Amino acid sequence: MSDAVQTQSNPNAAFKPRVFSGIQPSGGLTLGNYLGAIRRFVEMQESGIETLYCMVDLHAITVWQDPEKLRHNTRELAAGFMAAGLDPKKSILFNQSQVPEHAQLGWVFNCVARMGWMGRMTQWKDKAGKNAEQASLGLFAYPSLMAADILIYHATHVPVGEDQKQHLELTRDIATKFNHDYGVDFFPITEPVIEGAATRVMSLRDGSKKMSKSDPSDMSRINMTDGAEDIAKKIRKAKTDPEALPSDAKGLEGRPEARNLVNIYAALSNQSVEKVLADVGGKQFSEFKPMLIDLAVSELAPISTEMSRLMNDPAEIDRMLGLGAQNARAIAAPILEKTYEIVGMIRS
Ligand code: AQP
C-alpha cells in the first residue's frame, strides 16, 4: 500500500481504500499534469490499492471546446495515461460522460453545496475573471461535480497537484454536510495526496503562473507530445535570472524561475531539491539547461512515442474506455441508488 495512504490518519476506517483522480481533456497533457498527477497515479496503481482514473470530459465543457478537438483530446489523454504507465488491467480508465452517475450525484451535491462556497474558489475567480456574468453555470458548479466524481466511488484518496487542494477541501465539506444533514455516515472524508518536488510546475515564461494546458503561449509549457527539438527549444528559451544556481534551497527564495527549473530537474531525476543543488550549485543556467534538456528528453520522448503509437488505433482506445466505463458503473450505480434512498427518492 502507498506510504501516503498508510501514514495519514484514517477518518475513513469503515471505507475500503480506493483512489480516484481525473484530468480534463481540455488540451494536450503538460509536464505539469505528468509530474503533479500522472506519475503519482502510476505509483498508486502499483501499490495494489484499487485505482480509478478518469478523463473528465464533462468538466472540460465548462469552457468552450470544439467537439472534434474534445474527442481527439480525450483519446490523446487516454493514450497519455497508458503511455505513462497506467494499465487498463490494473486501473479502471474511463471517460466521465460514459458514467452518468457522476452527473446524477453532482445534481444532489448542487443541492447540498452553498453558493458562497463556490464563489470562494480561487480557480473560479481565476477562470471567470472580471467576466463572471458571462461564465457558464457549469464553471461555477465545477467543484460540486468534482466532489461527485470522487464520492460516487467512495474514494478515500485523491492524488492531485497543489492547485486542486481547495477543491478537495470543498469535497470534504460536501461529504460532511451531506452526512450531517441526513444523519448518516455514508460518504468518506477524502484525503488529498499532494506529494513530490513538482506539485506545482510553473510556466516556463513566468515563474509566478502555473504551467497550464490552456495557456495561450505554447512556449510556456512542455506538452507530453513535444518531440526532442521542441523540448530543447522551450527549455533553452525558458525565463531565468542572471545569477548562478545556489547550493541550497534557501538560495532559491525570490527566484521563482530558477526554483521551477530545479524542481522539474529534481522531480524528473527522482532526487530531492537539496541533492540536486548540492550537485549543480555554482553552475550557470547555460550549463544547467543542457543537463535539464537531456533529462527531460530521455524521460519524456519514450512516452510521446508510445502516445503516437496508441493514437494510430483510436477504435482500440474507445473500446478500452467503454470497458472502463462498465467497470466504473459497477461501483458507482449502487452508491447512487443508496444516495437516492437516503435523500428520499422513490425507487421502484
Ligand atoms: N502546473 C501543474 N503542476 C502540478 N500539477 C498540475 N496539474 C495541473 N497543472 C499542474 C494537476 O493535473 C491534474 C489535472 O488537472 P486538470 O486538467 O483537471 O485541471 P487543471 O489543474 O486546471 O490543469 P490545467 O493544465 O491548468 O488545465 P486547464 O488549462 O484546462 O485549466 C490535477 O491533479 C492538477 O492538480
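**Exercise 1.** Leaving aside neighbours within four places in sequence, which residues is Val-280 in contact with?

*Solution.* The model is predicted: local features need pLDDT of at least 70, side-chain atom pairs count only at pLDDT 80 or more, and totals for chains, interfaces and linings use all residues. Residues are numbered from 1 along each chain as its sequence is written, and side-chain values use heavy atoms, with hydrogens and water left out.

Start with the place: Val-280 lies in helix α12 (residues 273-280). Helices are DSSP runs of H or I, at least four residues, numbered from the N terminus. Next, apply the contact rule: heavy atoms within 4.5 Å. Val-280 then touches Leu-245, Phe-288 and Met-291.

**Exercise 2.** Is Val-280 buried or exposed?

*Solution.* Buried means under 20% relative accessible area, exposed over 50%, partly exposed in between (1.4 Å probe, protein chains only). Val-280 has 2%, so Val-280 is buried.

**Exercise 3.** Find how helix α2 (residues 31-46) and helix α13 (residues 285-311) cross, and what makes the contact.

*Solution.* Axes are lines fitted to C-alpha atoms over the stretch in contact, and angles run from 0 to 180 degrees between N-to-C directions. The two axes come within 13 Å and cross at roughly 85°. Angles of 65 to 115 degrees count as roughly perpendicular, so α2 is roughly perpendicular to α13. Leu-31, Tyr-34 and Arg-39 of α2 meet Glu-299, Leu-300 and Ile-303 of α13.

**Exercise 4.** Which residues does Leu-31 touch, not counting residues up to four places away in sequence?

*Solution.* List the partners: Gly-36, Val-201, Met-211, Ile-222, Met-224, Ile-264, Leu-268 and Leu-300.

Note on methods: Helices (H or I, at least four residues) and strands (E, at least two) are DSSP runs, numbered from the N terminus. Angles under 35 degrees count as roughly parallel, over 145 as roughly antiparallel, 65 to 115 as roughly perpendicular and the rest as oblique.
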